[in-house]
Amino acid sequence: MADEDCYSRKISSEESKKGYIFVLKGRLSFFPPKGKTFTLSELQNEKRVKMESYHCTCRGPALPHKHYFIQWDGVQRGEKITITKDRKIAGRYFLVSKK
Ligand SMILES: [Zn+2]
């Protein structure tokens, strides 16, 4: 699958602990704009979610930046998730995970 058709990542321990999925800044355009709700479905589990962010100084106080994430409970460290778009229904996304 081409990179622009999906968003994949391996869940880190931080994401697993906090119950969210980080979205890299360069891939934000794959998702609806920040704050706009959209549907994310994994098997029988379907939820309204939105892109959120927090300010961070993990690269030092001189380089403040934001981290973007989608709240999604139950992700496990090391799990590989792939999010794809529904081609027929705008604002609907699917999540597939490989544990
Ligand atoms: Zn940071």
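In what order do the 3 strands of the open sheet stand, and is their pairing parallel or antiparallel? I looked this up before anything else. The order is β2-β6-β5, and the pairing is antiparallel. I take strands as DSSP runs of E of at least two residues, and helices as DSSP runs of H or I of at least four residues, both numbered from the N terminus. I count two strands as paired if DSSP finds at least two bridges between them.

**Entry: source and conventions.** I am working on a predicted model, in which local features need pLDDT of at least 70, side-chain atom pairs count only at pLDDT 80 or more, and totals for chains, interfaces and linings use all residues. I number residues from 1 along each chain as its sequence is written.

**Entry: overall layout.** I find 1 helix and 8 strands in the protein. Along the sequence I read the pattern β-α-β-β-β-β-β-β-β. I fitted the C-alpha atoms of the protein into a box along the principal axes, and the box is roughly 45 × 25 × 25 Å.

I call a residue buried if 20 or more other C-beta atoms lie within 10 Å of its own, exposed if 12 or fewer do, and partly exposed in between, with C-beta atoms placed from the backbone. By that rule, 16% of the 99 residues of the protein are buried. I call two residues in contact if their C-beta atoms, placed from the backbone, lie within 7 Å. Among contacts between residues at least 6 apart in sequence, 49% join residues at least 24 apart.

**Entry: the sheet of 3 strands.** I went back to the order β2-β6-β5. β2 (20-23) and β5 (51-56) are the edge strands with a single partner each, so one side of each has no neighbour in the sheet. The twist averages 40 degrees from one strand to the next; for such angles, axes are lines fitted to C-alpha atoms, for helices over the stretch in contact, and angles run from 0 to 180 degrees between N-to-C directions.

I count 6 bridges between β5 and β6 (residues 65-71), which run antiparallel. Within this pair, M51 stands opposite I70 in β6, and S53 stands opposite Y68 in β6. β2 and β6 are joined antiparallel over 4 bridges.

**Entry: the sheet of 5 strands.** I read the order β1-β7-β8-β3-β4 for this open sheet, with mixed pairing. β1 (6-10) and β4 (45-49) stand at the edges with a single partner strand each, so one side of each is left without a neighbour in the sheet. Here the twist averages 20 degrees from one strand to the next.

I then went through the pairs. β1 is joined to β7 by 5 bridges, and the two run antiparallel. K10 has K80 in β7 as its bridge partner. Between β7 (residues 80-85) and β8 I find 6 bridges in an antiparallel arrangement, and I81 stands opposite S97 in β8. β7 and β8 form a hairpin with 6 residues between them, and G91 in the turn has a positive phi of about 80 degrees. β3 (residues 38-42) pairs with β8 (residues 92-98) in the parallel sense over 3 bridges. In that pair, L40 stands opposite Y93 in β8.

Entry: Is V49 buried or exposed? V49 is buried, because V49 has 20 C-beta neighbours inside 10 Å. I place V49 in strand β4. Leaving aside neighbours within four places in sequence, V49 is in contact with T37, F38, L40, I70, Q71 and W72. I also checked V49 against E79: the two are 30 residues apart in sequence and 20 Å apart in space, C-alpha to C-alpha.

With neighbours within four places in sequence again left aside, L40 is in contact with K47, V49, I70, W72, Y93 and L95.

**Entry: nonpolar core.** I define a nonpolar core as a set of buried Ala, Val, Leu, Ile, Met, Phe, Trp, Tyr and Cys residues joined through C-beta atoms within 7 Å. Which of the 15 residues in the largest nonpolar core touch the most other members? They are I21, L40, I70, W72 and I81. β2, β7 and β8 each supply at least two residues of this core, and β2 gives the most, with 3 residues.
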